Amino acid sequence: MALLPILEFPDPRLRKVAAPVTDFGDGLRTLVDNMLDTMYKAEGIGLAATQVNVHKRLLVIDISEEKDSPHIFINPEFEVIEEELQDYQEGCLSVPGFFEEVSRPRAIRVKARDQRGEEFEHEARGLLAVCIQHEIDHLDGKLFVDYLSPLKRQRIRSKLEKEHRKSA
Ligand code: QAP
Ligand code: CO
């Protein structure tokens with residue numbers, strides 16, 4: 001078990017586009033385990049590899065109360081099945097302390113691989129749909145703050161930069 005450091009906005013490494021996973025060996029299993037440990041320790045519900053400075057297309061999610069239902073998505077792709085938007089107060093472990101409303105399509109179908117490389121499909125709505133879209137954005141170098149007004153984004157950036165200077 002190991003905790004991984006989480007990159008924080010506006011770190012430019014959060015803007016990298018992740019490459020598909022091709023090796024489904026032991027290294028991948030260790031990475032997934034460490035990402036789950038890191039997410040649970042930080043009290044998050046989702047974490048993308050990009051956030052721990054690994055630029056590969058995988059993410060972990062657990063939206064259960066008991067924190068005993070991890071979902072692992074490797075090389076995920078999604079299509080919208082209900083265009084209607086839902087608003088959700090989103091946060092991000094890479095943008096600590098900030099929660100803002102974001103609108104996203106409310107139901108999606110995700111195709112991904114599991115840790116063994118087996119392909120599966122999953123339909124998601126509600127919080128799970130929000131979370132999957134948020135985490136796939138990370139793999140494409142996008143953050144939820146990109147959906148906010150430039151003013152709000154700039155305020156968040158300034159506050160976090162100040163925090164980082166304090167703790168540097
Ligand atoms: C993405 O984010 C998400 O600022 C996952 O102080 C979040 O787990 C999708 C967190 C909400 C949909 C709705 C953030 C924990 C966790 C913080 C997270 C914080 C402590 C964020
Ligand atoms: Co995030």
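I began with the backbone of Gly 91, where an N or O atom lies 3.5 Å from an oxygen atom of ligand 1. I note here that I am working on a predicted model.

I then looked for other backbone contacts to ligand 1. A polar backbone atom of Ile 45 is 2.8 Å from an oxygen atom of the ligand. At Gly 97, a backbone N or O atom also comes to 2.8 Å from a ligand oxygen. Next I checked the cover: ligand 1 alone exposes 500 Å², and the protein buries 83% of that.

I looked up the pocket. Ligand 1 takes up the space of the largest one.

I went on to the shell. I found 21 residues surrounding ligand 1, with Gly 44, Ile 45, Gly 91, Pro 96 and Gly 97 the closest. By type, the shell holds twelve nonpolar, six polar and three charged residues.

Which element gives the largest share of the shell? It is α2, with five residues. I placed α2 at residues 126-139 and β3 at 71-90; each supplies at least two shell residues.

Strand β2, residues 58-61, pairs with β3 in the antiparallel sense over four bridges. I picked out one bridge there: Leu 59 has Phe 73 of β3 as its partner.

I then turned to β4, residues 100-113. This strand runs antiparallel to β3, and twelve bridges join the two. One example I noted is Glu 79, whose bridge partner in β4 is Arg 109.

Methods: Residues numbered from 1 in each chain as written. Chains lettered and ligands numbered in written order. Predicted model: local features only at pLDDT ≥ 70, side-chain atom pairs only at ≥ 80, totals over all residues. Heavy atoms only, no water. Near = heavy atom within 4 Å. Polar contact = N/O pair within 3.5 Å; in protein donor to acceptor, adjacent residues only side chain to side chain. Areas by Shrake-Rupley, 256 points an atom, 1.4 Å probe, with all protein chains shown as cover. 1 Å grid on protein atoms, 1.4 Å probe; cavity = no way out; pocket = protein on both sides within 12 Å on 5 of 7 lines; lining within 4 Å. Sits in = over half its atoms within 2 Å of the grid points. Nonpolar A, V, L, I, M, F, W, Y, C, P; charged D, E, K, R; others polar. Pairing = 2+ DSSP bridges.
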